[in-house]
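Student: I would like a close look at one part of this structure. Please take me through it in plain terms.

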Amino acid sequence: MSSKRKKMPMKKQAAKKAKRKEETDDSDLTDGGEGDAPQPDEVLIAGHGDVLDELSPLPQELLNTLLQPVGQLVFFGAVNWDAAGKREFKGVKMVPNLWSPHRFGDWKVRLAVSGCTAAHNVLVDGDGKTYTFGRNPQGQLGLDNTTSTAKPLLVPALEKMNVISAACGRHHTLFLTDTGTVYACGDNKSGQCGVGNLQPQILTPTRINYRGPPIVKIGCGAEFSVILDIKGGLHTFGLPEYGQLGHNTDGKYFKTATKLCYNFQTSPKRVVLYIEKSKDGHVSPVDVTEIVDFSCGPNHTVCIDSRKRAFSWGFGGFGRLGHAEQKDEMVPRLIKCFDTQSRGVRSVHCGSTYTLAITEFNGLFLFGQTKRTGEANMYPKPVQDLAGWNITHIGTSHTSIVISADETCIAWGAAPTFGELGFGDMQKSSTVPKEVTKMQGIKVVGLSMGYWQTLIIASEETPEHKAKVDALKLYEP
């Protein structure tokens, strides 16, 4: 008995340390798999077979808004996929980072996606064919293996499907087809693939355990996932550790006196409660009829409803939730700053420890912290350097940001950077927004960032635009 009593405080300290780790460095891209084996007492959801109802495509008008034009893939950043997030990597020849924008082979794509904690990428060409490349220790590329690849490879399981969107978590991937159906692959130790069980790895894209209205948007945090249905319902699944699922719990329980475990959410569950808090801490529910957009950071989520109000929940460190405090929020909480007539939110974009929001009148606000030192924005503050720019796309990375506006790109991020800002090898980082000179005159029709890479889809509609893209250096993976 006495030995058990001695162990207990140690365990509590370990739990605290894990929390602090997220606050200082939630970039850890290690391969995972060291944790506990999935609990055998997890409830498996029956009836998730392959015999499924007949799928019909989403309405054409909606598909027209979701499908982006095809353009040339432009890439900058690091390409040593297996080394991402690791402090040292022995025995492997390292390829130089691409410090400035490069044409990525002759890849013509309509979708290029990564995620702020991801070292893997998804490409979809003009025919809806899906390719993946990058890091793959948990099968997140969906290629039925765990071998990383620098060259994009066709995903055989999706070959007959028309993929219209994708999302990348730390080690898992979601794919959305034109029928509003979601497929997932990769790490599933926390249930983040949503297939109804805790099978540790899912090596090929598998349909998630969801039978509601068609899905129109998907997103991934580090170890959790969010999907939005056509009727405006938001559903989440995966790791609940910081309240990032919005179900009013962090899912923690002690399996034994010293063993802390989580109740993972293995199938999509709808977020049903939205709240606001007054200054004196009084909590009242907010009537939300329809969610129209959302974005996920590693452990937090921000969404917008049809009345252009923004709500945030999950990990609260550095003020990334915009509530002027660092408390974790277990359910979506109204961000008071945007709840005024002139500050309705048009779009939200989450990075690792920060969030960006664009208001109706094109104002860009930042809350949280992009640097690892100095003051954090505890509530939304305007980014004055970008006042007056017509912002079209935003990419958020671990600590870097790339924005496309007025046929150029603006980027900033504190060191260390890996080329994802595209400034060239003379200046590798910048703490203030700075124009990416090589992108001047290039029309951006798609933009996404990974942990240390930037993917841009550049328009080749006009001879001028094509000439600008052709002038970039070529990178052949």
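Student: In which sense do β6 and strand β7 pair, and over how many bridges?

Tutor: β6 and β7 (residues 172-177) pair in the antiparallel sense, over five bridges. Strands here are DSSP runs of E with at least two residues, numbered from the N terminus, as helices are (H or I, at least four residues). Two strands count as paired if DSSP finds at least two bridges between them.

Some background comes before the details. This is a predicted model, in which local features need pLDDT of at least 70 and side-chain atom pairs count only at pLDDT 80 or more, while totals for chains, interfaces and linings use all residues. Residues are numbered from 1 along each chain as its sequence is written, and side-chain values use heavy atoms, with hydrogens and water left out.

Back to the pair: Ala-167 has Leu-174 in β7 as its bridge partner. Both strands belong to an open sheet of four strands, in the order β6-β7-β8-β9, with antiparallel pairing. β6 and β9 (201-207) are at the edges and have a single partner strand each, so one side of each is left without a neighbour in the sheet. On average, neighbouring strands of this sheet are turned by 10 degrees against each other, direction ignored; the axes behind this angle are lines fitted to C-alpha atoms, for helices over the stretch in contact, and angles run from 0 to 180 degrees between N-to-C directions.

As a general point, side chains in a regular strand alternate between the two faces of the sheet.

Of its 50 residues, Leu-174, Ile-227, Leu-234 and Tyr-274 touch the most other members. A nonpolar core is a set of buried Ala, Val, Leu, Ile, Met, Phe, Trp, Tyr and Cys residues joined through side-chain atoms within 4.5 Å. Buried means under 20% relative accessible area, exposed over 50%, and partly exposed in between (1.4 Å probe, protein chains only). Strand β6 (residues 163-168) gives the most to this core, with five residues. Apart from this core lies another, of 23 residues, including Leu-98 and Phe-133.

Tyr-274 touches Leu-234, and its other contacts include Val-286, Ile-291 and Phe-311, leaving aside residues up to four places away in sequence. Contact means heavy atoms within 4.5 Å.

Buried residues make up 57% of its 477 residues.
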